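Visitor: I would like to go through the aromatic contacts in this model. Please keep it brisk.

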Amino acid sequence: MARYYDVHPENPQPRVIGQVADLIRRGGLVAYPTDSCYALGTQLGNQDGLDRIRQIRHLDDRHHFTLVCHDFAQLGQFVQISNSVFRLVKASTPGSYTFILPATREVPRRMLHPKKRTVGVRVPRHTVTQALLAELAEPLVSSTLVLPGDEEPMTQGWEIKERLDHQLDAVLDAGDCGKEPTTVIDLSGPEPEILRRGAGDVSRFE
């Protein structure tokens, strides 16, 4: 059964954040809030966690997992960013964007798109996510919490606990954080390509 943590959305309790971070370090898979709906998250390099996310969401090996990073500096350790892309990404972080970029060697091979060798990265604005990332001191490997057959992401922590109780190790509930996922921009080619229109404004990428 998944542990259930009720956390304040603006002043998250340090003890709770510490407990969830410890669980992730021990190989756990958690559901947590972001500034654009809930997500599944596990530790970088946790192959079992990746497999569990794939199983829950019925994902194939072409799915772009996302490295959710604490800040722009951390993001830069995991992706290759040209000068022109640097300005675009810097101006859009933190925010409700996921960027597809060529990965560095810091990213485990199983996370990469099999042909493009790319990975998704984002820096969220949500206070609870930021607190968890600061405590972990490393990115979370994540995927939006949309279950097979559902048209929209899950938005209520109690419902996540109810539906995924035996598939998760913890649910971090900070209340409703919206159901519009991130805007996904592929910046791995010569021109930005909008793969999904979501919560982030796309005007600067068109």
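Guide: What follows is a short exchange on a domain and some ring pairs in this predicted model.

Visitor: Which domain does UniProt place at residues 14-200?
Guide: The unreviewed UniProt entry annotates residues 14-200. Over that stretch the chain is 28% helix and 22% strand, with end C-alpha atoms 29 Å apart. The feature is recorded as "domain: YrdC-like".

Visitor: How many aromatic pairs does a search of the whole structure find?
Guide: Rings pair if their centres lie within 6.5 Å. On that criterion, the search returns 4 aromatic pairs.

Visitor: Are the rings of F72 and F86 stacked or edge-to-face?
Guide: Their centres are 5.0 Å apart and their planes stand at 90 degrees. Planes over 60 degrees apart count as edge-to-face. So the pair of F72 and F86 is edge-to-face.

Visitor: Which helices hold F72 and F86?
Guide: The pair ties together parts 14 residues apart in sequence. F72 lies in residues 72-75, and F86 in residues 83-91. These are helix α3 and helix α4.

Visitor: Is F86 buried or partly exposed?
Guide: Buried means under 20% relative accessible area. F72, at 14%, counts as buried. F86 has 38% relative accessibility, so F86 is partly exposed.

Visitor: Are Y97 and F99 stacked or edge-to-face?
Guide: Their ring centres lie 5.8 Å apart, with 10 degrees between the planes. Planes under 30 degrees apart count as stacked. The pair of Y97 and F99 is stacked.

Technical notes
Residues are numbered from 1 along each chain as its sequence is written. This is a predicted model: local features need pLDDT of at least 70, side-chain atom pairs count only at pLDDT 80 or more; totals for chains, interfaces and linings use all residues. Side-chain values use heavy atoms; hydrogens and water are left out. UniProt positions are given in the numbering used here, feature names are shortened, and annotations may be inferred rather than shown by experiment. Helices (H or I, at least four residues) and strands (E, at least two) are DSSP runs, numbered from the N terminus. Rings of Phe, Tyr and Trp (its six-membered ring) pair if their centres lie within 6.5 Å; planes under 30 degrees apart count as stacked, over 60 as edge-to-face and the rest as tilted. Buried means under 20% relative accessible area, exposed over 50%, partly exposed in between (1.4 Å probe, protein chains only).
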